Amino acid sequence: MGHPVSSARGYYFCAIFVGAIIKGFVYSFYRIDFVNGNEYVGLDNFRAVLSDPDVGRAVLNTLYYMMLGLAIGFWVPIVFALVISDLKKLQGFVRVAAYLPNVLPVVVLYGLWRWFYDPVGPINAGLTMAGAEKVLFLTDPSWSMISIVIMETWQQFGAAMLIYLAAILSIPRDYYEAAEIDGAGIWQRVRYITLPSIKGLVTLMLVLQLIATSQGLRACSAATTSSSTRRRPRSRRKRRSTISRSIISPTTA
């Protein structure tokens, strides 16, 4: 039987969590107005969403973004954690260096990567010097979503890497020493010791990443909205609507 204080805290947390979900569902039947008060509209909000022709494309874009996030970004922190855990020197320095992008202000991050992706930025300058054609990373439908996923992966992988690294370092070293005595190589130790030991954590991080990537509007909007648009607030809504339609759709990839 659990401690009464812990049980009470658990029930209180569940009440807040479930209460917020129920309240959000109830609000879906209202037109929210903080000035004049909420107005009950029944199923009008649902009809408006289902009748919007852009909803289908938005759902497909979100699923595509989630799949790219898994294919490109999900394995990066795991690989970095495995590499850093085997370092004999400078392990602390590499940990800090890998986590630094996560503490950058969002404005600095998006400004930096927009400069990287600019048609006259360093990436395209390197491509031009190599004799290749320039790539319009943020306006070409074939590259826009991939470019945003790479940008988000670069910023976010440090935090996940530290979590994986802590889990890997908590595995008893006796397992690895016994495997080395038996002649197991690096890949065999990773496959039969490390990955099975952190299987539960990998599953949890997978769920968290799916949740995070399903809410990736901020990155898409900030990376593709031009600075001139920010100076013209009257056209912001129209501009963002155009951007939402221009972001890569799986059907056009």
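Colleague: Which residues are buried in α3?

Modeller: Asn 61, Tyr 65, Met 66, Leu 68, Gly 69, Leu 70 and Gly 73 are buried in α3. Buried means under 20% relative accessible area, with a 1.4 Å probe and protein chains only. Helices here are DSSP runs of H or I, at least four residues, numbered from the N terminus.

Colleague: Where do the numbers come from?

Modeller: This is a predicted model, where local features need pLDDT of at least 70, side-chain atom pairs count only at pLDDT 80 or more, and totals for chains, interfaces and linings use all residues. Residues are numbered from 1 along each chain as its sequence is written, and side-chain values use heavy atoms, with hydrogens and water left out.

Colleague: OK, and how far does α3 reach from its first C-alpha to its last?

Modeller: α3 (residues 54–73) reaches 27 Å with its 20 residues, close to the 28 Å expected at 1.5 Å a residue. That expected span is 1.5 Å times one less than the number of residues.

Colleague: Switching to Thr 153, is that residue buried or exposed?

Modeller: Thr 153 counts as buried because its relative accessibility is 13%. Thr 153 sits in helix α8 and, leaving aside neighbours within four places in sequence, is in contact (heavy atoms within 4.5 Å) with Gly 73 and Val 76.

Colleague: At what angle do α4 and α8 cross?

Modeller: The axes of α4 (residues 76–85) and α8 (residues 144–169) cross at roughly 50 degrees and come within 7 Å. That makes α4 oblique to α8. On the cut-offs, under 35 degrees is roughly parallel, over 145 roughly antiparallel, 65 to 115 roughly perpendicular, and the rest oblique. The axes are lines fitted to C-alpha atoms over the stretch in contact, with angles from 0 to 180 degrees between N-to-C directions.

Colleague: What meets what there?

Modeller: Among the α4 residues in the contact are Phe 80 and Ile 84, and on the α8 side they include Phe 157 and Leu 165. By class, the α4–α8 contact has 14 nonpolar, two polar and no charged residues. Nonpolar covers Ala, Val, Leu, Ile, Met, Phe, Trp, Tyr, Cys and Pro, charged covers Asp, Glu, Lys and Arg, and the others, Gly among them, are polar.

Colleague: And how do α8 and α11 pack?

Modeller: α8 and α11 (residues 199–213) pack at about 165 degrees, axes 10 Å apart, so they are roughly antiparallel to each other. Ala 160, Ile 163, Tyr 164 and Ala 167 in α8 meet Leu 201, Val 202 and Met 205 in α11.

Conventions:
Helices (H or I, at least four residues) and strands (E, at least two) are DSSP runs, numbered from the N terminus. Buried means under 20% relative accessible area, exposed over 50%, partly exposed in between (1.4 Å probe, protein chains only).
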